[in-house]
Structure formats: structure tokens, C-alpha cells
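Student: Could you take a close look at one part of this model for me? I would like to follow a single helix and the residues along it.

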Amino acid sequence: MADLDMINRDPNNINDFVGVQFEDVLAEPEGAHSIDCVWKASFFCFNIWKNFFYKLATLCCGMCIAAEWGCEFARIAFTHVWIVTPLFKVLEINCGCLQKFWALCVHCCCDPCCEAFGLIFGAFRKD
């Protein structure tokens, strides 16, 4: 198992779109500013409660949800390795046979007609 990076927990930036910082959620435009102490207290309350409930939710549900997602991705990997890939190989083999059969039928039916038209129109040459 690779070392777990406890600092950067989103090294591939999968969840960059999830803006959960105070500045991503609340903003006062020019001309509509609250009192500075209210803005600072709001910042403090937002971060305290966001962190508390996030940690509480992950404590209560995080491991169970991670286990469920682990099982789901294991099922997907199993399905692809043991069902999807062999099925595509079967289709590739069978379609190859059908492709050869179709080409044989087309050549048997169309080639004589095309050759005949070629001989007919080949006689019309501009000198």
C-alpha cells in the first residue's frame, strides 16, 4: 500500500469544485457590509460548525460509506475482468467471422456487376 498523504488528501484535485471555505459561500458586496465584529464572528462560527459537523458526519458514516464504495469498485473491477472483457473478445471473434462472410457475399454478388459495368464504360474512351 502506498504511503497515505495526510496533508494533501486530494492530490488529483478531484473535488476542486467543492467550495466549502467561508469565502466560497458567503460574501458581502461593496455597499452592503455588516459590522466588522459580526463578519469576524460569522467567519468563526461558520468554520467551527462546518468543521464540527463534517468531522461528526465522517466519524459516524465515513468508514461505512468508504467500505460501500470499496465494494462497489471491487464489483465493477470484477465485472470488467470476468464478464465485460471476455464478452468483448467473444464479440470480436464472432464479428470477425460475420465480417468475412459478409465480404464474401458482397464480392460474389457485386464484383461481377461492377466488372461488367467497368467493361461497358471502359469502351467509351475519349480520344
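Tutor: Happy to! Let's begin with a definition: the expected span of a helix is 1.5 Å times one less than its number of residues. Keep in mind that this is a predicted model.

Now take helix α2, which covers residues 36-122. A straight helix of 87 residues would span 129 Å, yet the end C-alpha atoms of α2 are only 92 Å apart. Along the way, α2 bends by about 55° at Cys 61.

Cys 60 is in no disulfide, and the nearest cysteine sulfur, that of Cys 61, lies 5.6 Å away. A disulfide here requires two cysteine sulfur atoms within 2.5 Å. With 52% relative accessibility, Cys 60 counts as exposed, because the cut-off for that class is over 50%. For Cys 113, the closest cysteine sulfur belongs to Cys 110; at 6.8 Å, that is too far for a bond. Cys 113 has a relative accessible area of 43%, so it is classed as partly exposed. In total, the structure holds zero disulfides.

Finally, look at the nonpolar patch on the surface, formed by Phe 44, Ile 48, Trp 49, Phe 52, Phe 53, Leu 56 and Leu 59. Together these residues have about 760 Å² of accessible area. One of them, Phe 52, is found in helix α2, and at 43% relative accessibility Phe 52 counts as partly exposed. As a general point, an α-helix has 3.6 residues a turn, so residues three or four places apart point the same way.

Technical notes
Residues numbered from 1 in each chain as written. Predicted model: local features only at pLDDT ≥ 70, side-chain atom pairs only at ≥ 80, totals over all residues. Heavy atoms only, no water. Buried < 20%, exposed > 50% of the residue type's maximum accessible area, 1.4 Å probe, protein only. Helix = DSSP H or I, 4+ residues; strand = E, 2+ residues; numbered from the N terminus. Bend = angle between axes of the 7 residues up to and from the residue. Patch = residues over 30% accessible without salt bridge, like charges linked within 9 Å, V, L, I, M, F, W, Y side chains within 5 Å. Areas by Shrake-Rupley, 256 points an atom, 1.4 Å probe, with all protein chains shown as cover. Salt bridge = Lys/Arg side-chain N within 4 Å of Asp/Glu carboxyl O.
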